Amino acid sequence: MSRKNDRKLGPLVRSDSALVSVVENAHEQAGAALTAGASSPLDAVVWLSAHLAAVGRTITPVATRRLGETAAVRREGHRRDLELERILRIAERRHSGDMLASGLNGERLRTSILSRLDAHAEIEHTRLAALADLLDDEEQRALAEAYVDALKKAPTRPHPYLPHRGLSGAIAFRVNAARDRLLDTMDSRHVPLPRAPHEARRPGRWGSYLLGQMQPEVLDPAR
């Protein structure tokens, strides 16, 4: 992924692994949004906010357990993720009209996001490569599916100052996601993420009445 065709976005992992492919797609989508024009940085904020949350809920715990990562490696990965999330929060505020952030230089902010994305990706690539070597194809597909499912349901805005791990992190994930989707709807914000399908519910009698819909006639079996 290039920045105005003159910059590489991190050492992309090239692999046939389904897990590597779905995670790299989020990096590439964000990189494309950051180089597409003035109206696209919010798409990058959405992609990376959801990506960080989904990785934290699915891939990071597996890597910690299966790879036996040291506490130092976990702390460094968490630190880099938080740095990226904090700069995403600033970008979200700037593009949402926050007066305290509206005066920030857009090009410098974009460069800061790309720099922190590189730092995040460096550790993430190492984890992905190690997991691709350790997990069999079925395990990788299952983890990839879990990540994609979490990505569809994840928060769409950065929340760097709320819990990310453990039970409190799981609760924050759900609450933040519900809040963000409501705000996205109210703001008519474009959300480029894949969406979880929702089965349409047929309204009941009172719902149909309020919507002015005719109820199907029910035949009396006694006749």
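The largest nonpolar core has 40 residues. Leu19, Ile59, Leu84, Ile113, Leu131 and Tyr147 touch the most other members. By nonpolar core I mean buried Ala, Val, Leu, Ile, Met, Phe, Trp, Tyr and Cys joined through side-chain atoms within 4.5 Å; buried is under 20% relative accessible area, with a 1.4 Å probe and protein chains only. α1, α2, α3 (59-67), α4 (71-95), α5 (106-134) and α6 each give two or more residues to this core. The largest share, 10 residues, comes from α2. Helices here are DSSP runs, H or I, of at least four residues, numbered from the N terminus.

A word on the source. This is a predicted model, where local features need pLDDT of at least 70, side-chain atom pairs count only at pLDDT 80 or more, and totals for chains, interfaces and linings use all residues. Residues are numbered from 1 along each chain as its sequence is written, and side-chain values use heavy atoms, leaving out hydrogens and water.

Take Leu19. Leaving aside residues up to four places away in sequence, Leu19 touches Ile59, Leu128, Leu131, Gln140, Leu143 and Ala144. Contact means heavy atoms within 4.5 Å.

Now α1 (residues 18-36) on α6. Their axes, lines fitted to C-alpha atoms over the stretch in contact, come within 7 Å and cross at roughly 25°. So α1 is roughly parallel to α6, that is, under 35 degrees. On α1, Ala18, Leu19, Val22, Val23 and Ala26 make the contact; α6 brings Gln140, Arg141, Leu143, Ala144, Tyr147 and Val148.

Last, α2 (residues 41-57) and α6 (residues 137-153). Their axes lie 8 Å apart, at about 130°.

Notes
Axes are lines fitted to C-alpha atoms, for helices over the stretch in contact, and angles run from 0 to 180 degrees between N-to-C directions. Angles under 35 degrees count as roughly parallel, over 145 as roughly antiparallel, 65 to 115 as roughly perpendicular and the rest as oblique. Buried means under 20% relative accessible area, exposed over 50%, partly exposed in between (1.4 Å probe, protein chains only).
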